[in-house]
Amino acid sequence: MKVLQGKNALVTGASRGIGREIALRLANAGAYVILNCTTRGVEKAEAVLAEIRAQGGDGEVKAFSVSSSAEVDAAVDALLKSRGNIHVLVNNAGIAKDSLFMRMKDEEWDDTINTNLKGAALCARALTRSMMKAREGSIINLSSVVGQMGNAGQAAYSASKAGLFGLTMSLAKELASRNIRVNAVAPGFIDTEMTVDLPATAKEEMLKSIPMGRMGSGKEVAEAVLWLASPASSYVTGQTLAINGGMYM
């Protein structure tokens with residue numbers, strides 16, 4: 001069933017990992033998907049778009065930095081002119097620059113916060129006016145289990161992901177009267193490029209902390225995002241959906 005038929009969805013950080021799976025799933029549900037990436041990720045994003053089109057879907061690649069207000073505003077303005085409206089925004093773009101807090105450099109902290117938290121805020125702000133005018137919209141922020149429970153060596157990443165919870169709830173309260181829903185998804189340890197190179201011992205210890213005894217998949221996260229983007233969750237806003245195998249309850 002094409003639950004997003006006729007809808008336009010912008011997915012940031014869509015060239016790989018969880019973002020790729022989200023883009024593929026939303027397209028499969030009928031959405032026209034705009035795949036955001038950095039200029040370095042255009043080739044990979046184009047490959048994802050080719051997959052979407054091979055499966056009968058459609059979309060386009062839009063390269064811009066989510067941490068740049070000027071780039072975000074220019075990209076969104078162009079998209080609104082060409083597509084008329086963006087119905088779904090998935091703030092997935094994120095980076096992790098892991099380091100012990102006392103050794104963390106200013107630029108590492110700033111880059112992480114600017115991409116993971118500020119980037120989500122800039123994209124949401126750029127689309128808010130048009131969504132309010134249309135009285136329709138779903139914004140989904142990709143947080144993380146470490147934003148809920150913290151993690152040694154990931155102070156900046158954890159802080160950025162925790163900040164998304166506050167952003168989600170505040171925007172949900174501001175926009176609910178205009179039929180715009182804002183929710184978050186908090187994945188646990190997901191089998192992606194970011195985790196594939198972890199040492200075997202680290203993976204074993206990690207699995208011990210997960211009651212279900214396995215890592216999650218990007219497809220499982222994508223299914224949760226699709227639900228939040230679709231009419232099936234029409235009375236859900238300001239919530240965080242944990243996809244973590246019971247790691248944090």
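Leaving out neighbours within four places in sequence, E21 is in contact with G218, K219 and A222, where contact means heavy atoms within 4.5 Å. That is a handy way into this chain. The model is predicted, so local features need pLDDT of at least 70 and side-chain atom pairs count only at pLDDT 80 or more, while totals for chains, interfaces and linings use all residues. Residues are numbered from 1 along each chain as its sequence is written, and side-chain values use heavy atoms, with hydrogens and water left out.

Let us stay with E21 for a moment. E21 sits in helix 1, which covers residues 17-28; helices (H or I, at least four residues) and strands (E, at least two) are DSSP runs, numbered from the N terminus. The side chains of E21 and R20 are joined by a polar contact of 2.9 Å. A polar contact is a pair of N or O atoms within 3.5 Å; within protein, one must be able to donate a hydrogen and the other to accept it, and residues adjacent in sequence count only if both atoms are side-chain atoms. E21 and T201 are 180 residues apart in sequence, and their C-alpha atoms are 27 Å apart in space.

Besides residues up to four places away in sequence, S15 touches R20, N36, C37, G41, K44, A45 and V48. S15 is found in the loop between strand 1 (8-11) and helix 1.

A polar atom of the N36 side chain lies 3.1 Å from the backbone nitrogen of G13. Residues up to four places away aside, N36 touches a list that includes L10, V11, T12, G13, A14 and S15, and also K62, F64 and V66.

Is E21 buried or exposed? E21 counts as buried because its relative accessible area is 16%, and buried means under 20%, exposed over 50% and partly exposed in between (1.4 Å probe, protein chains only).

| Residue | Relative accessible area | Class |
|---|---|---|
| E21 | 16% | buried |
| S15 | 14% | buried |
| N36 | 2% | buried |
| R135 | 45% | partly exposed |
| N179 | 46% | partly exposed |

Two of these residues deserve a look at their backbone. R135 is not a glycine, yet its phi is positive, at about 55°. R135 lies in the loop between helix 4 (106-134) and strand 5 (137-142). N179, also a residue other than glycine, has a positive phi near 65°, and its place is the loop between helix 6 (155-175) and strand 6 (180-187).

Now for the whole chain. How many helices and strands does the chain have? Its secondary structure comes to 8 helices and 7 strands. The chain is as compact as a globular protein of its length, because its radius of gyration of 17 Å is close to the 18 Å that the globule rule gives for 249 residues. That radius is taken over C-alpha atoms, and the rule is 2.2 Å times the number of residues to the power 0.38. Along the principal axes, the C-alpha atoms fill a box of roughly 50 × 35 × 35 Å. Buried residues make up 48% of the 249 residues. Among contacts between residues at least 6 apart in sequence, 73% join residues at least 24 apart.
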